[in-house]
Amino acid sequence: MSDQTGWVVTASQDNAEATATKAAVSGKSHVVRSVDAGFSGAATKLLQIKDGTTVVWSGPVYSSREVVFPNGLTITKGNACSAVLAASGTGGVTGYVNLHGTTRAV
């Protein structure tokens, strides 16, 4: 893997969908290495990782969750990737999501 650059993108929202997005890079592919998400109060909602607009992984978040992808989730060349945490459904409860990865020339 040549030309790898590590990155972290973050997002947080109060009772709204929180989406952390790594913008597309022409001629390169992102590889998602891990994601963590949680809420400032009790909540259970869906977390999705997207390749462009296609969901490539999803799972529930019970208050908080961290998922490591040992081999990485390779995103389609030239696509953005994002982690989307559903809204808590309760005002005053903030949801946060952090998407970790690398970008490589393919």
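Here are some notes on the predicted model above, point by point.

1. Ground rules. Residues are numbered from 1 along each chain as its sequence is written, and side-chain values use heavy atoms, with hydrogens and water left out. Since this is a predicted model, local features need pLDDT of at least 70 and side-chain atom pairs count only at pLDDT 80 or more, while totals for chains, interfaces and linings use all residues.

2. The sheet. Four strands form an open sheet in the order β2-β7-β4-β5, and the pairing is antiparallel. Its edge strands, each pairing on one side only, are β2 (18–22) and β5 (54–62). Direction ignored, neighbouring strands here are turned by 15° against each other on average.

3. Two residues sit between the strands of the hairpin, and G52 takes a positive phi near 65°.

4. D51, the one I'd look at on screen. Where does D51 lie? It is in strand β4, residues 44–51. D51 is buried (under 20% relative accessible area, with a 1.4 Å probe and protein chains only).

5. What D51 does have around it. Its side chain makes a polar contact with the side chain of N79 at 2.7 Å. (That term means a pair of N or O atoms within 3.5 Å; within protein, one must be able to donate a hydrogen and the other to accept it, and residues adjacent in sequence count only if both atoms are side-chain atoms.) Leaving out residues up to four places away in sequence, D51 touches V56, T74, I75, T76, N79 and A80, where contact means heavy atoms within 4.5 Å.

6. A80 is found in the loop between β6 (64–74) and β7 (81–85). A80 and G52 are 28 residues apart in sequence, but their C-alpha atoms are 5.2 Å apart in space. With residues up to four places away again set aside, the contacts of A80 include K50, D51 and G52, along with T21, K22 and H30. Buried or partly exposed? A80 counts as partly exposed, at 25% relative accessibility; that class runs between the buried limit and exposed, which is over 50%.

7. Two loop residues with positive phi. N15, in the loop between β1 (5–14) and β2, has a positive phi of about 50° although it is not a glycine. S63, in the loop between β5 and β6, is another non-glycine with a positive phi, about 70°. N15 is partly exposed at 33% relative accessible area, and S63 is partly exposed at 34%.

8. S34 lies in strand β3, residues 28–39, and is buried at 13% relative accessible area. Beyond its neighbours within four places in sequence, S34 is in contact with V67, V68, F69, N98, L99 and H100.

Note on methods. Lys and Arg count as positive and Asp and Glu as negative; His and the chain ends are not counted. A salt bridge is a side-chain nitrogen of Lys or Arg within 4 Å of a carboxyl oxygen of Asp or Glu. Two strands pair if DSSP finds at least two bridges between them. Axes are lines fitted to C-alpha atoms, for helices over the stretch in contact, and angles run from 0 to 180 degrees between N-to-C directions.
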